[in-house]
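Let's take a walk through this protein together. Please have a look at the picture first, and then read on.

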Amino acid sequence: MVADILSTIRRSGASEVLLLPNGLLDRRNLAAVEKAARAFEQTVTLLPTVRLVSGIAALTVHDPNQPLATAAFTMSEAAGEMRTAVAHRAPRAGLIQGGAVAKGDVVVTAHGETVIIDEDPLCAVERTCKRFLEHGGEQVSILFDPDEFSPAGFGPGAGADPAALAEQFAGLEPALGVEVMAYPADELGAIAEIGVE
């Protein structure tokens with residue numbers, strides 16, 4: 001992955017590059033990218049985006065007309081102000097930090113701590129949003145893997161219609177009292193990523 005990133009930076013030909021790791025690179029990988037990029041005649045700035053949803057928040061405020069340092073600061077601020085969580089399925093039954101789980105339960109974590117455990121992914125997302133919004137917020141962003149949400153009576157992998165799911169998430173707006181934006185994201189590596197800002 002590091003080699004692919006470095007190759008992409010090189011091929012871009014850009015004199016300044018903003019790199020948003022979106023939680024896909026660990027510290028070792030980030031250090032390797034930063035060290036290798038020093039040999040380039042390009043300025044590479046790493047932004048602290050811990051999830052894909054926080055990377056999207058950073059991109060929404062990007063202004064290509066601003067100097068690199070100003071753009072990086074503004075984007076980092078937007079990413080940092082977003083509270084994020086990720087939902088996964090429990091690989092097996094057991095006892096985890098947040099309580100007991102059955103195989104396939106939805107476990108939502110934020111900063112390494114369990115926030116919600118639920119059998120149903122839609123309920124888990126809604127409960128997480130409500131919990132985050134207790135501390136304020138104006139907007140919820142949800143990225144979801146359609147294959148992880150199933151029509152009634154079917155298990156994970158049955159694949160609900162992405163447009164119908166996005167509408168279901170948008171239907172949470174009255175209950176949450178804020179705007180909800182939901183987007184399907186294939187190969188997300190999680191059931192969903194949730195961001196509240």
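## Two helices that cross

A crossing of two helices is called right-handed if the near helix is turned clockwise from the far one by less than a right angle, and left-handed if anticlockwise. Helices (H or I, at least four residues) and strands (E, at least two) are DSSP runs, numbered from the N terminus. This is a predicted model, in which local features need pLDDT of at least 70 and side-chain atom pairs count only at pLDDT 80 or more, while totals for chains, interfaces and linings use all residues. Residues are numbered from 1 along each chain as its sequence is written, and side-chain values use heavy atoms, with hydrogens and water left out.

Now find helix α1 (residues 2-12) and helix α2 (residues 27-37): their axes come within 10 Å and cross at roughly 35 degrees. Here axes are lines fitted to C-alpha atoms, for helices over the stretch in contact, and angles run from 0 to 180 degrees between N-to-C directions. The crossing of α1 and α2 is right-handed. In contact (heavy atoms within 4.5 Å) are V2, I5 and L6 from α1 with N29, A32, V33, A36 and A37 from α2.

## The whole chain

The protein chain holds seven helices and 10 strands, and its C-alpha atoms fill a box of roughly 55 × 35 × 30 Å along the principal axes. Of its 197 residues, 40% count as buried. Buried means under 20% relative accessible area, exposed over 50%, and partly exposed in between (1.4 Å probe, protein chains only).

## The nonpolar cores

A nonpolar core is a set of buried Ala, Val, Leu, Ile, Met, Phe, Trp, Tyr and Cys residues joined through side-chain atoms within 4.5 Å. Which residues have the most contacts inside the largest core? They are V108, V140, I142, F144, F169 and L176, in a core of 27 residues. Among the elements that each supply at least two residues of this core are β3 (83-89), β8 (139-144) and α6 (162-170). The largest share, five residues, comes from α5. Apart from this core lies another one of 10 residues, I9, L19, A37 and F40 among them.

Helix α3 (residues 52-60) has its own buried residues, namely V53, S54, G55, A57 and A58. What covers them includes α4 (68-81), β3, β8 and β10.

## An aromatic pair and a neighbour

The structure holds one aromatic pair. F144 and F169 form this pair, with 5.1 Å centre to centre and 45 degrees between the planes, and it is tilted. Rings of Phe, Tyr and Trp (its six-membered ring) pair if their centres lie within 6.5 Å; planes under 30 degrees apart count as stacked, over 60 as edge-to-face and the rest as tilted. F144 belongs to strand β8 and F169 to helix α6, 25 residues apart. Both F144 and F169 are buried.

M181, in strand β9, is 12 residues from F169 in sequence and 7.7 Å from it in space, C-alpha to C-alpha. Is M181 buried or partly exposed? M181 counts as partly exposed because its relative accessibility is 23%. Leaving aside residues up to four places away in sequence, M181 touches Q139, V140, S141 and I142.

## Two loop residues

H111 sits in the loop between β6 and β7 and has a positive phi of about 55 degrees, although it is not a glycine. With a relative accessible area of 71%, H111 is exposed. E187, in the loop between β9 and β10, also has a positive phi, near 55 degrees, without being a glycine. E187 is exposed, at a relative accessible area of 79%.
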